[in-house]
Amino acid sequence: MKSYVFPGNIEDSILKIGGEPFPYMRTEEFSALVKDSEKMLLSLINCPDGRVVFYTASGTGAMDAVVTNYVSQCKKAFIVAGGSFGYRWKSLCDYYHLSNDMFEVPFACDIDYGLLEKSVELSRPDVFLCQHHETSTGQLYDLEKISVICKKYNVSLVVDAISSFLSDKLDMNALGIDICITSSQKGLNISPGLSFLFLSHRILQTNFGHQSYYFDFAENLKNLERGQTPYSPATTIFLQLHARLKKNVSLGVEAIIASVHANALYFRELCRQNGWQMPVEVPSNCVTGFFMEKNGDILFKELMKEGIYIMPGGTPNYFRVSHLGIQTYDDLDDLVRHIKKIENY
């Protein structure tokens, strides 16, 4: 099987962990593993003196936790919505009846940052919710510009970095991000099932809300002091996480991102050669989105018959190819040959 969906193809040494007997988690050994994982995660995103809350949940679970624990204590949220995950912030705020203003960005377009600043100035929110990379389209937003706006108007910055972590440059401390979200099945290239909240030192001084039993920040942070989660964790995925993080720290963030970037550039050149339109104005390294007008309605299912998986988009004939995980130029050449064959049916 060739996977161009998240988390991509995973090396055998990591996959093997998923089939091995797993230890009891309420031990000093497992606590040491959790604490070591937290230390490595904080170093990879540059969040000194912060904490990492671990949830056995999807990324949406972590977003829910941010809304119930933190956004619920704010007067108004400001939401950037340029795709399905931006609108998820909106859905969560509306679900919990929290005041919010939404700034919509057209499909696959970058933000108009001048207009964004004017909208923030008019809205006067106290928390800003956005994606770094809108995964549903492939658009990467400029966090440096967003950070400048948030600092100017004294707005707390919360970023969903679920698909940009370890694929695009992200320095949490330099950008002044208060909370950042990621999950196991994207840049960390392990099984889905864990999500992570990076809490800055500043935000740890906050009086959090208590509107969620399972996701309660205070309860999770209290248990983290002993290297534990309050409820049963996805133990096997924690073992995969620890093994992956040791590899990542050894390789270094810049080398990891450079590898993803190289594959993205190589595939995009193949798309150009084949006339496949790539509409995203500023693409993330993580994923390439392209249109295939001819036989696009059958592409996804036909590729699956060949044991090849890509991601359909919510827009007709729009597809996304991930550049995470084990991927070579030969793999991408082979993928293009299969797509071309289906296009010419």
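Lys-90, with a relative accessibility of 21%, counts as partly exposed, a term for residues between buried (under 20% relative accessible area) and exposed (over 50%), as found with a 1.4 Å probe on protein chains only. The structure is a predicted model, in which local features need pLDDT of at least 70 and side-chain atom pairs count only at pLDDT 80 or more, while totals for chains, interfaces and linings use all residues. Residues are numbered from 1 along each chain as its sequence is written, and side-chain values use heavy atoms, leaving out hydrogens and water.

The partner of Lys-90 is Asp-94, and the closest N and O atoms of this salt bridge are 3.5 Å apart; the term requires a side-chain nitrogen of Lys or Arg within 4 Å of a carboxyl oxygen of Asp or Glu. Asp-94 is also partly exposed, at 35% relative accessible area. Both residues belong to helix H4 (residues 84-95), where they are four residues apart and thus separated by about one helical turn. Helices (H or I, at least four residues) and strands (E, at least two) are DSSP runs numbered from the N terminus.

## Salt bridges across the sequence

In the whole structure, 14 salt bridges are found. One of them joins Arg-244 to Glu-11, with the closest N and O atoms 2.9 Å apart. Arg-244 lies in helix H9 (residues 235-251) and Glu-11 in the loop between strand E1 (2-3) and helix H1 (12-17), so this pair ties together parts that are 233 residues apart in sequence. Arg-244 itself is buried, with a relative accessible area of 6%.

## The sheet

Seven strands form an open sheet in the order E2-E10-E9-E8-E5-E3-E4, with mixed pairing; two strands pair if DSSP finds at least two bridges between them. Strand E2 (51-55) and strand E4 (100-104) are the edge strands, each pairing on one side only. Within the sheet, strand E3 (residues 77-81) and strand E5 (residues 127-131) run parallel and are joined by three bridges, and Ala-77 has Val-127 as its bridge partner in E5.
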